[in-house]
Amino acid sequence: MKKNILLFGLAFVGGFTYERYFPYVKAFISDKGQKNDDHSFKSMLEQGNYIQPKVIDIMHSSPDKHFLHNFIAQHNEALNVFKIYYPDKLEQKIYSDNLESEDKIHLHFVFNAADHLQGHSSIVHGGLLATLIDNAFGQLSYLASGQIPTATANLNINYRKPVKTNHDYMITAEIDKIEGRKVFLKATIYDQDKTICTEATGLFLTVQWGGQMWKNALDKIKEVTQIDDKIVKIDQKKKE
Ligand SMILES: CCCCCCCCCCCCCCCC(=O)SCCNC(=O)CCNC(=O)[C@H](O)C(C)(C)COP(=O)(O)OP(=O)(O)OC[C@H]1O[C@@H](n2cnc3c(N)ncnc32)[C@H](O)[C@@H]1OP(=O)(O)O
């Protein structure tokens with residue numbers, strides 16, 4: 001009888017652990033994120049010591065619902081390339097203290113949109129560019145405000161040149177200033193010749209929404225990956 005209870009208990013705990021962690025483990029060991037590792041900006045980002053945290057690939061593959069990650073990044077035919085790069089010094093701060101408001105932290109997002117994301121023929125839909133920039137601002141402001149969720153209060157976009165499908169582009173997002181709950185950001189989309197195609201500014205405000213959801217997601221990922229040890233440093237990888 002006791003043995004049966006013990007077996008039942010073990011099965012229950014095993015099932016719970018499997019249910020909770022397996023999707024993350026699967027995402028972590030999957031090579032999904034490695035398929036589109038090459039792009040036009042790779043050597044430039046390597047020289048600038050930008051890293052590509054593995055956690056981002058996990059977020060793209062995770063079962064947690066998120067608009068961009070689930071709708072676009074996971075759609076096999078939408079983005080030929082979608083890679084997020086953080087500066088090395090940001091990596092050390094993600095799970096610890098706040099970024100200093102004066103830090104000019106940059107995040108870089110490299111993307112190459114497939115034909116499925118065109119508006120006019122061979123031109124990436126402007127709404128997609130707004131989404132990518134909004135999401136970049138959302139990540140950066142979340143990290144810059146010490147992992148407090150933020151909401152878009154204002155987003156301005158100047159579309160200077162068409163962004164073409166099936167070409168590599170880079171979004172650079174940075175903090176302009178932080179004043180209390182207000183995070184002011186700016187972003188630029190460059191083509192492979194470093195020509196500016198799109199410029200944006202944004203105002204994000206810290207809010208009470210969904211903080212626990214993001215915290216839970218990051219905690220789960222952290223537990224599975226022991227993130228501090230497993231973040232992939234592309235410059236180190238290259239030297240190996
Ligand atoms: C390891 C890596 C992990 C990464 C992990 C990343 C996780 C994280 C990723 C998340 C990535 C998703 C990113 C999606 C981002 C959205 O899509 S959010 C959804 C779209 N946005 C919305 O729905 C917001 C709708 N608006 C609102 O709810 C409210 O207007 C707001 C924005 C919360 C502000 O309302 P409030 O809190 O009542 O603030 P309020 O008192 O009105 O204003 C405060 C101040 O801001 C100013 N202000 C407010 N609005 C404006 C405005 N539009 N323009 C100028 N000033 C304004 C006010 O004038 C006031 O200024 P002061 O008088 O204090 O100087």
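Start with F111. In this predicted model, F111 is buried, because its relative accessibility is 0% and anything under 20% counts as buried. F111 lies in strand β3.

Which residue does the ring of F111 pair with? Its partner is Y169. The two ring centres are 5.9 Å apart. The planes meet at 25°, so the pair is stacked, since stacked means planes under 30 degrees apart. Y169 is buried too, with a relative accessible area of 4%. Y169 sits in strand β5, which spans residues 169-179. F111 and Y169 are 58 residues apart in sequence, so their pair ties together separate parts of the chain.

Now move to another pair. A search of the whole structure finds three aromatic pairs. One of them joins F82 and F109, with ring centres 6.4 Å apart. Their planes stand at 45°, so this pair is tilted.

F82 is buried at 7% relative accessible area. F109 is buried as well, at 1% relative accessibility.

Finally, look at a ring with a charge over it. Which residue lies over the face of F184? That residue is K177, placed 4.8 Å from the ring centre.

Methods:
Residues numbered from 1 in each chain as written. Predicted model: local features only at pLDDT ≥ 70, side-chain atom pairs only at ≥ 80, totals over all residues. Heavy atoms only, no water. Phe/Tyr/Trp six-rings, centres within 6.5 Å; stacked < 30°, edge-to-face > 60°. Buried < 20%, exposed > 50% of the residue type's maximum accessible area, 1.4 Å probe, protein only. Helix = DSSP H or I, 4+ residues; strand = E, 2+ residues; numbered from the N terminus. Lys NZ or Arg CZ within 6 Å of the ring centre and 35° of its normal.
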